[in-house]
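Hi there,

Here is the structure I promised to pass on to you. Please open it and have a look around before you read my notes.

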Amino acid sequence: MTKTIRVDSADQTMAIGQKLAQYLAPQDLILLDGDLGAGKTTFTKGLAKGLGITRPIKSPTFTIIREYQDGRIPLYHMDVYRLEEGGADDLGLEEYFNGDGVNVVEWSKFVADELPDHYLRIVFRRDDSEGDNVRKLTFEAKGDRFEKMIDEVLGE
């Protein structure tokens with residue numbers, strides 16, 4: 001199941017993440033793919049706010065994984081862009097995916113072989129023809145749980 005929406009601002013992107021957070025449970029996997037600067041980390045900031053995380057959310061580009069433990073459930077924010085040449089085996093991703101928190105993975109194509117069968121992928125696309133802040137977000141559910149989640153967050 002896929003559904004595409006248009007967002008017009010960073011605040012709207014954050015609000016969608018915040019709403020999605022209400023439905024998340026430990027071991028949920030959210031994949032964020034798409035253009036550089038299109039809103040992946042902004043979306044994660046909204047998700048963290050919705051989970052009750054108060055620490056500032058920073059892109060984990062250089063650290064690869066950032067852990068936030070102070071919310072309703074832990075958030076594990078991963079940016080695996082630097083693993084384009086490999087190295088995912090050494091990160092212990094399976095431990096995170098089977099652990100106690102929500103997993104957000106940016107640039108998931110670089111760890112595609114490590115991913116479980118059920119996840120929610122959101123693809124972020126800039127649409128500069130319609131303005132600087134316009135984005136198209138395509139939600140792709142793999143698994144019934146995530147299909148229901150998309151319906152709850154975005155409406156039928």
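Below is what turned up, starting with the sheet.

This is a predicted model: local features need pLDDT of at least 70, side-chain atom pairs count only at pLDDT 80 or more, and totals for chains, interfaces and linings use all residues. Residues are numbered from 1 along each chain as its sequence is written, and side-chain values use heavy atoms, leaving out hydrogens and water.

Seven strands form an open sheet with mixed pairing, in the order β1-β7-β6-β2-β5-β4-β3. (Strands, E, have at least two residues and helices, H or I, at least four; both are DSSP runs numbered from the N terminus. Two strands pair if DSSP finds at least two bridges between them.) At the edges sit β1 and β3 (65-68), each pairing on one side only. β3 is antiparallel to β4 (residues 75-79), over 4 bridges.

Now for the inside. The largest nonpolar core has 30 residues, and Leu20, Ile30, Phe43, Leu75 and Ile122 have the most contacts within it. Such a core is a set of buried Ala, Val, Leu, Ile, Met, Phe, Trp, Tyr and Cys residues joined through side-chain atoms within 4.5 Å, where buried means under 20% relative accessible area (1.4 Å probe, protein chains only). Among the elements giving two or more residues to this core are α1 (10-21), α2 (40-50) and α4 (144-154); α4 gives the most, with 4 residues.

Which residues does phenylalanine 43 touch? Leaving aside residues up to four places away in sequence, they are Thr13, Ile16, Gly17, Leu20, Ile30, Leu32, Ile122 and Phe124 (contact means heavy atoms within 4.5 Å).

Enjoy exploring!

How values were computed. Buried < 20%, exposed > 50% of the residue type's maximum accessible area, 1.4 Å probe, protein only.
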